[in-house]
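Look at the model as a whole before turning to its parts.

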Amino acid sequence: MSEATLRSERTRVRRQPTRGVYDRDSVYAVLDRALFGHVAFVDGGQPFCIPMLQARVVAAVYVHGSSASRTIRTLAAGVSACLTVTLLDGLVLARSAFEHSANYRSAAVLGRFEVVEDETDRLAAFESFTNKLLPGRWNEVRGPNQKELKATTILRMAITEASVKTRTGPPSDDDSDDAALDIWAGVLPIVTSFAAPEPSPGLRDGIRLSPSAHGLLAADAARAVLDRNRGGSRSTSH
Ligand SMILES: Cc1cc2nc3c(=O)[nH]c(=O)nc-3n(C[C@H](O)[C@H](O)[C@H](O)COP(=O)(O)OP(=O)(O)OC[C@H]3O[C@@H](n4cnc5c(N)ncnc54)[C@H](O)[C@@H]3O)c2cc1C
């Protein structure tokens, strides 16, 4: 798909336009990296913005929830919606208060959700949500039964109108008069990480941590070593 496909007058980034991109790969990369997003919609004239897990499959983004939920029922009716995800990459610390900023990658997708009715598609969406939380988890757990499937509504929004906005790099005052000030300036990268697993109180003795969780923790530890080795020279560009 061409870049023009996802760019529209509504998604064109006006402030700092060079930070906006509209190609599918960039939008998919941000959606895939973020576990959850905020879904905005208007209900009864009142805007709401509700955090929800999200998963992208091919050219659509999926959300799910209780069939009784207000958010789900409103979105299922096909109202106009906006799903935004944000990845916070670093604190940008300048010499002046004015130039302080944040490094980030965020994506906004506009459209309308539709209810996924097909049972095969619904099951595939469940699998995507589960594996998005923890890659490989779907094959380790009991799948949803009929009652659970019935209690859950799965919604899909085709990705046809979207934008990504990104900020990377150091503060903007290296070339200003403020560079003469004796004030530290630079970026504090933000790294999200996992801590030691906390077994469920009801977990029976002798049940070991699942391979999927082991895999995630091992990948996380390897990334932490890489980050440590990079030390202060760690780049903030992505
Ligand atoms: C990271 C994250 C992921 C989530 N993932 C999902 C998901 O995948 N599916 C899902 O159904 N729900 C999810 N939730 C819960 C979701 O945010 C809503 O609470 C839930 O969907 C019920 O929404 P509702 O509009 O039906 O609730 P209602 O109870 O009808 O909402 C009424 C009011 O309660 C307040 N409210 C509701 N939810 C929140 C909230 N999260 N934070 C603060 N105030 C709130 C708002 O003022 C709202 O207008 C998630 C929450 C978080 C934080």
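Two strands pair if DSSP finds at least two bridges between them. Helices (H or I, at least four residues) and strands (E, at least two) are themselves DSSP runs, numbered from the N terminus. Residues are numbered from 1 along each chain as its sequence is written. The model is predicted, so local features need pLDDT of at least 70 and side-chain atom pairs count only at pLDDT 80 or more, while totals for chains, interfaces and linings use all residues.

By these rules the protein chain has six helices and eleven strands. About 65 × 55 × 35 Å is the span of its C-alpha trace along the principal axes. Confidence is given by pLDDT, the predictor's score for each residue from 0 to 100. The chain averages a pLDDT of 92, and 95% of the residues score at least 70. In residues 232-238, however, the pLDDT is below 50, and this stretch has 14 contacts beyond near neighbours in sequence in the model. A contact here joins two residues whose C-beta atoms, placed from the backbone, lie within 7 Å. Of the contacts in the chain between residues at least 6 apart in sequence, 73% join residues at least 24 apart.

Now consider one sheet. Strands of a sheet pair through backbone hydrogen bonds, either parallel or antiparallel. Which order do the four strands of the open sheet take? The order is 4-5-9-8, with antiparallel pairing. Strand 4 and strand 8 are the edge strands, each pairing on one side only. Inside the sheet, seven bridges link strand 5 to strand 9 (residues 152-158) in the antiparallel sense. Across this pairing, Ser66 stands opposite Thr152, and Val63 stands opposite Leu155. Strand 9 is also joined by two bridges to strand 8 (residues 114-115), again antiparallel. There Glu114 stands opposite Arg156.

Two loop residues deserve a look. Most residues other than glycine have a negative phi, and most peptide bonds are trans. Gln16, not a glycine, has a positive phi of about 50° and sits in the loop between helix 1 (3-6) and strand 1 (20-21). Val58 also has a positive phi, near 50°, and lies in the loop between strand 4 (55-57) and strand 5. Are these residues buried or exposed? A residue is buried if 20 or more other C-beta atoms lie within 10 Å of its own, exposed if 12 or fewer, and partly exposed in between, with C-beta atoms placed from the backbone. Gln16 is exposed because it has 10 other C-beta atoms within 10 Å, and Val58 is exposed because it has 7.

Buried residues make up 22% of the 238 residues in the chain. In soluble globular proteins, nonpolar side chains tend to be buried together. A nonpolar core is a set of buried Ala, Val, Leu, Ile, Met, Phe, Trp, Tyr and Cys residues joined through C-beta atoms within 7 Å. The largest such core has 31 residues, and Val27, Ala81, Ala107, Val109 and Ala162 have the most contacts inside it. Leaving aside neighbours within four places in sequence, Ala107 is in contact with residues including Val27, Val85 and Ala162.

Of the 14 residues around the ligand, Leu53, Gly65, Ser69, Arg70 and Thr71 come nearest; a residue is near a molecule or strand if its C-beta atom, placed from the backbone, lies within 6 Å of it. Strand 3 (46-53), strand 5 (60-66) and helix 3 (70-76) each give two or more residues to this shell. Strand 3 gives the most, with five residues.
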